[in-house]
Every structure is written in structure tokens, then in C-alpha cells.
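Trainee: Could you walk me through this model, starting with some backbone geometry?

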Amino acid sequence: MKPKLEFKIATEDWEFKQINELNYKTFVEEIPQHECNEGRLLLDKFHSENTYIICIRERKLLGMMAVRDKRPFSLDNKIKELDSYLPDHNFACEFRLLSIEHDFRNLRIIQGLLIVLAKFADEKGYDIALISANVNRLRFYEQFGFKAFGNEVGTQGARYQPMYLTLKSSLEFRKKSKIMSRVPNNFSIENENLINLLPGPVTLKPEVKKAMMDAPVSHRSEEFRKDFNIVKDQLCELANSKSVEILMGSGSLANDVVAAQLGQIKGKGLILSNGEFGERLIDHGQRMGLNYEEITIAWGDVFDYQELKSFLSNHLDINWLWAVHCETSTGVINDIESLEQICSSLNVRLCLDCVSSLGTQPVDLRNVYLGSGVSGKGLSSYPGLAFVFYNHGISPNPAIPRYLDLGFYAEQNGIPFTMSSNLVYALGQSLYSVDWKTRYSQLDLISLFTRDRINQLGFNIIASDKNSAPAVITISLPQWINSCDLGRDLQDEGILIHWTSKYLVERNWIQIAFMSTQSKKDILPLLNFLSKIKVPHSKAL
């Protein structure tokens, strides 16, 4: 594994030299704030008074920021009567010169710098901090609790917004920022530079982002209803389903709706589980008080469909079967056609969780009683919309809570409650003019390419080639490689994989997902990184 990041206060001559080099790269070459010079060094005018908090790896400076408490501050020279804009305070400081090497811009470095900074501020007794925030980064600073004041300052091409943050202690500083206590996998200063191999959130197209940012419209308007129905038609065509209802929520909500419907069927059901999300279906059934049997096999294994048919033949009181199509935790695909044939022959209603398969491979729900899906994975849109597909007539049922009553949605033409027009239009943009046959073919090719290379490197892929999902590859790491450390190291390289879920951490697994549009070019940095890890008996990439 590569050496760890180190966060500290700069003390060494070589550190200060690299500080001046990084200062030049950022505030001369990237942000045209100072004049060029032949030495390509920029010594800050307050250098002797600055305390530099830095991130290094093997004597290489990756990031820095400076803190200074001697007045006048740089903002004193730009804003008259600066203190009149600020809340009461006793000891102020100024944060300046936040800079990170372009190829290492990720939240781990930001978080580390700010944790050291918070501790330093606490030790010094600062109770307010000032910054000059790049006008293109305001949302970034607001996430840490900074508040804007006064007018913009600076020059053309280098505009800044004065901001302040009250500081009573390092603990409060961390509480003010959700980012300081919970680091999202997909955050970075330059998010578009990341390679996103997460199962969600996914990389979004510009037109999808634009639709999300447009002014919302009333969900009761005639125009929205027409557009809403177009999106529903697109979803039905994609899944080959007669009907679909769109709900504001996640896949868990969709599966709760499915469970509520199953609770209205007389007789018993059967729930299948061969992974985390199969276990969650069992949990849905338990919470809804369903009457059911369960068949649970080892994670990563596949069902013996002949044994399943035999089981159902001997349990004729079972009227429905509920399973996961793409078991996201392991990357195993459960065979829809086999399940359909068995259920059809025994007059059993088939229900499927298609959360991770919808949009990543052909999904044909024409013979499925109820199917669930979401907007934020294979459909490459924002999370927040859940779908329940069905092919039969359905009526409202007052025994079901209103928000879970699929028939109530159908009776109200799909919009019984407030609906986010932004999420619907973003989804519509994502679905618009997609050539699904081409998309599925591309995903198959990139998945096959990646699986082949990972196998050559000696890593253990959970799902067999025969039963693997095209959009998810789950890897079981040897004990001497820690999945969390590997995930963080890849994040430092700008490569986002999934490793943080509890079920992955407990098993020392990592996941690679192709929910967005990827190419071999996107995958090569990951494969090159993995190739440097010496797995016994691996082949060269």
C-alpha cells in the first residue's frame, strides 16, 4: 500500500520551499492574482507571520492553508471598518491560501487540513475566522459554516467574497460542518475530475443538472401532468411494463409499497435471499407482518431453480415470490426467466427488486406482478424518485397507509401528493433519446474487460462470470489488504469505488459499479493502481 497522508504544521525548509511553489501554481498560474516570475515561486507578503498547515506524503507537499492572527489582515486593506461587519469577538484570525495540487483535490485532504486547523484554533483561543473565498467556491465554504459579508473584493479574474466563521472551540467548528464529521464519497473541490465507479450517486449529464436547477413548477399544473405522464410512458417502455407509479423516495420506499400490496394477498409468500438486499426484502416482510417462508443461501451463491420449483410444488399455499434481480452486494444476477417460468407454471405472483438492474441491463417485467426501481442508479439521474411497476388493475385500499397505497396513486393519476418537478424533469432528460441497446452493449463490454483484468491480477471476484451483473463487480480482498485503506487511497487518486457500507467493511470487500457511462479509459487508472498491489499468483496487466 502507498504511504499515508500526513497532516502537520510546516516547520522544515523543504516544506516552505514547496509551499512557495504551490502558492505560485495556484495564485499565479491557475488564479491570475500575481505576476509571473522566472523562479516560479510566490512568497506570501505575510509569510513570516503565517502558520502553514500542510498535507504531505513522502516529502511531497499535496495541500496547504495558512492562518494568521496579526492585524491588519488582508481584508483590512480591502474593506473599511472591517469589524463593523462582524459579530462581537475577542480574538480573530484569518484563513488564507487554501491550495491543493490539482491531481490530489479530494475531501480527505480538505478534511485533514481543517481538523488540524480546528485544533490549532482551539489552542490559540480564536473565536472568529475570516476568509476571502473564491466566488466560484462559495457553496464549498458555506458547507463549513462560513457566512458572507460585504461586497466582493479582488481584481478581474480573481474575485473573492469576504466571509466569516465564529469559533468557540474545535468541537463547535466540527459541528458547524456536516462535512467535518461525515465525509461523502463523491465530494471534491473539482468533482468533475473524479472517476465515479460508485453504485450511487452517479455522474450526471449537463442537461440533467440543468433540469434540476430550473425553477420548479406546480405539480398540479396541466403542463406538468402531461410531462409527468411522458416520463411514466418512458419508464414503462424501458421495463416492458403496463403501468408504473412514481413516488418521492428511495428504493426502500418502493419495496415498502410492494410489501404493503403483498399483505393484501391471501395465503403465504416466499422471499429469496442470497445477499444484503435479499435480507432487506426479508426485513420488509417482517416489518409489514407478511406471512411468508424464506429461502436463504450464502452470499454470492446462485439459486438452484429446480430445487426452488420442487419447494413451491410442495408448498401450494404459497401465492407470491419476492426476489432481488441484481443482488448489488455481491454482483450476482438472479435469473428472471427461470423465476418467471417457475412462477407461471405454479400460478405464483412474481415480484422483483430491480433497483440496480433497471437501466443497466434489459429488464422485462411484462410477467412480473410488482417490480421496484429508482432514479439515481442505472437511469443516471438524481436520487429521490422511486418506482413501482405493475401489470394488473389496482384500487385504493384504506387498510394501507396513504403514502404506501399503490392503488391511491393510480386513482389520483399518479400525483396524489407533492411531486418535485425538478426531479421528474431531470429524470426525463436522462431518459430522453437513450439508445438502450447500445448502452447495454457498452456496459457488457466494459464489465467483461474489467472482470478479465481483475482476474488476471489475482483478485477474487464474488460473482461467477456466468451469473454476474454487468453494472456491479464485488471483490473480496485478501486479509492483508484493508478495504477501507484501499478505498481511501483510491479516493486520493481521484477514483471513487464503494467500500463504506457496513456489509462491505465487515467482509473486507470493495465494489466497482458502472451505473454511469464508462469507458476503458475510465477504468485503466483503477486497474493500474490495483496492478501495483502484489497479489500472489497474479498475472501482469
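Mentor: Happy to! Let's begin with Asn347, which lies in the loop between helix 11 (336–345) and strand 16 (349–353); helices (H or I, at least four residues) and strands (E, at least two) are DSSP runs, numbered from the N terminus. This is a predicted model, where local features need pLDDT of at least 70, side-chain atom pairs count only at pLDDT 80 or more, and totals for chains, interfaces and linings use all residues. Residues are numbered from 1 along each chain as its sequence is written, and side-chain values use heavy atoms, with hydrogens and water left out.

Trainee: What is the phi of Asn347?

Mentor: Most residues other than glycine have a negative phi. Asn347 is not a glycine, yet its phi is positive, near 55°.

Trainee: Is Asn347 buried or exposed?

Mentor: Buried means under 20% relative accessible area, exposed over 50%, and partly exposed in between (1.4 Å probe, protein chains only). The relative accessible area of Asn347 is 68%, so Asn347 is exposed.

Trainee: How many residues of helix 13 are buried?

Mentor: Helix 13 spans residues 421–431 and is mostly covered. Among its buried residues are Leu423, Val424 and Leu427, and they belong to a set that packs against elements including helix 7 (222–239) and helix 14 (436–456). Of the eleven residues in helix 13, the buried ones number nine.

Trainee: Which residues does Ser430 touch, not counting residues up to four places away in sequence?

Mentor: Ser430 lies in helix 13 and is buried because its relative accessible area is 4%. Contact means heavy atoms within 4.5 Å. With residues up to four places away in sequence left out, Ser430 touches Val208, Leu379, Ser380 and Ser381.

Trainee: What is the phi of Glu81?

Mentor: Glu81 sits in the loop between strand 3 and strand 4. Its relative accessibility is 64%, so Glu81 counts as exposed. Although Glu81 is not a glycine, its phi is positive, about 50°.
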